[in-house]
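Welcome! Here is a short briefing to read alongside the structure. Take a look at it first, then follow the points below.

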Amino acid sequence: MTFVNSSIEVDNLSKVFQGGIRAVDGISFSVARGEIFGFLGPNGAGKSTTIMMLTTLLRPTSGRAVVAGHELRQEPDAVRRSLGYIPQELSSDDYLSGAENLYLQSGFYHIPKKEFRRRKEDLLELVGLTERANDRVETYSGGMRKRLDIACALLHRPQVLFLDEPTLGLDIQTRQQIWQYVRRLRESEQMTLFLSTHYMEEADSLCDRIAIIDNGRIKALDTPDALKKELGGEVVTMQYDRPGPEQMMQLRECLAALPIVRQVSVNEDKCVAAVSNSGNAVPEMFGCARNLNIAVRSVALTMPSLDDVYLSHTGKNLRDSGGNGKKQAGPHPHSPHHPHTMRR
Ligand SMILES: Nc1ncnc2c1ncn2[C@@H]1O[C@H](COP(=O)(O)OP(=O)(O)OP(=O)(O)O)[C@@H](O)[C@H]1O
Ligand SMILES: [Mg+2]
């Protein structure tokens, strides 16, 4: 079966590991061609397991998936040829240079020598490693290694690229650089990108759509803006000019009584209100202050953050879910770049 407009189709996919751990529990979704699609979830949510099933490295327990028009179980070789995979752990060989790693990778895909030399130059340029191409990878920084991994995964020109936590443990500057490469790939190659992350800023700024995953299940799936809107309108923060404590208590009551205000909290000189329509709420909130002779100093309007969205769907705060201090492993014993490795 071929899906013309979708690049990835997942139908009720599950993975139960030996011992009964249900890592992925009946997920279904589709990713359009040229879309940047993100899996956002905490440690152990099932992100890597999903990616490993979709890249044929792990056999699903049940369900089906189509990647780049090829059914996972029926045409695993075709699936492998059409995708690139950048695993969570760093995967290039430390003892080889960047260029040698690329050469090794080209052998897996039988890329002719002349063609390889051309692509190598382009890719090294793309990830900004031309100058360091002949240095051993052990002399690279974490960000440079990740960029080399990206170059390796792109060598055979995949239609779909899977990135498992591409910026884990990298500083914000390097992270933004990698976001740039990802955006560039979508623009120049119309590549479909599937990435997992537990960084909200990453999902928010990079992804067209996000699936929030927890305990192997998709809790919500939409564009970042729609997810935030669904949570309920906007947040108005109003600051007042030296109000008395008595005035603030009265103000709180007045604001809470407004039907347009869903929730309000006040401190000594400020209130934060979740409102369903800021255009109407702000004048009404001004009215409350005026009636109590309180002068307004400033008004700020914000959207709920993805953190709020995440909390409402999982009952957990993503920032507290750990994982930032996680160690980046060295080269994988069975290099996951190798297109024919299969784990069970
Ligand atoms: N080979 C395995 N055998 C048994 N259980 C496993 C195996 N691999 C993963 N799991 C379990 O499956 C669940 C999902 O793990 P997975 O690695 O997919 O999570 P993740 O979302 O990628 O988390 P992280 O953010 O830590 O990378 C976890 O409970 C994990 O312990
Ligand atoms: Mg993982």
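Of the 344 residues in the protein chain, 50% are buried, where buried means under 20% relative accessible area, exposed over 50%, and partly exposed in between (1.4 Å probe, protein chains only). This is a predicted model, in which local features need pLDDT of at least 70 and side-chain atom pairs count only at pLDDT 80 or more, while totals for chains, interfaces and linings use all residues. Residues are numbered from 1 along each chain as its sequence is written, chains are lettered from A and ligands numbered from 1 in the order in which they are written, and side-chain values use heavy atoms, with hydrogens and water left out.

**The chain as a whole**

- The protein chain contains 11 helices and 14 strands; these are DSSP runs numbered from the N terminus, with helices (H or I) of at least four residues and strands (E) of at least two.
- Among contacts in the protein chain with a separation of 6 or more, 71% join residues 24 or more positions apart; contact means heavy atoms within 4.5 Å.
- The protein chain exposes about 16300 Å², and carbon and sulfur atoms supply 47% of that area (Shrake-Rupley method, 1.4 Å probe; for residues, only the protein chains shown count as cover).

- Helix α9 spans residues 245–256 and helix α10 spans residues 278–291; their axes come within 10 Å and cross at roughly 145 degrees. The axes are lines fitted to C-alpha atoms, for helices over the stretch in contact, and angles run from 0 to 180 degrees between N-to-C directions.
- On the α9 side, L251, C254 and L255 meet M285, C288 and A289 of α10.
- The residues of this contact of α9 with α10 comprise 6 nonpolar, no polar and no charged. Here Ala, Val, Leu, Ile, Met, Phe, Trp, Tyr, Cys and Pro count as nonpolar, Asp, Glu, Lys and Arg as charged, and the others, Gly among them, as polar.

**The cysteines**

- How many disulfides does the structure hold? There is 1, a disulfide being a pair of cysteine sulfur atoms within 2.5 Å.
- C254 and C288 form a disulfide, with 2.3 Å between their sulfur atoms. The pair links distant parts of the chain, with C254 in helix α9 and C288 in helix α10, 34 residues apart.
- The disulfide of C254 and C288 is left-handed because the torsion about its S-S bond is about -80 degrees.
- C254 is partly exposed, at 26% relative accessible area, whereas C288 is buried at 4%.
- C271 is in no disulfide, and the nearest cysteine sulfur, that of C288, is 9.1 Å away. C271 is buried, with 0% relative accessibility.
- C152 is also buried, at 1% relative accessibility.

- N215 sits in the loop between β9 (209–214) and β10 (217–222) and is exposed, at 54% relative accessibility.
- Setting aside neighbours within four places in sequence, N215 is in contact with D25 and A45.
- N215 and R22 are 193 residues apart in sequence, yet 8.2 Å apart in space, C-alpha to C-alpha.
- R242 lies in the loop between β11 (234–240) and α9 and is exposed, at 71% relative accessibility.
- Phi is near 50 degrees for N215 and near 40 degrees for R242. Most residues other than glycine have a negative phi.
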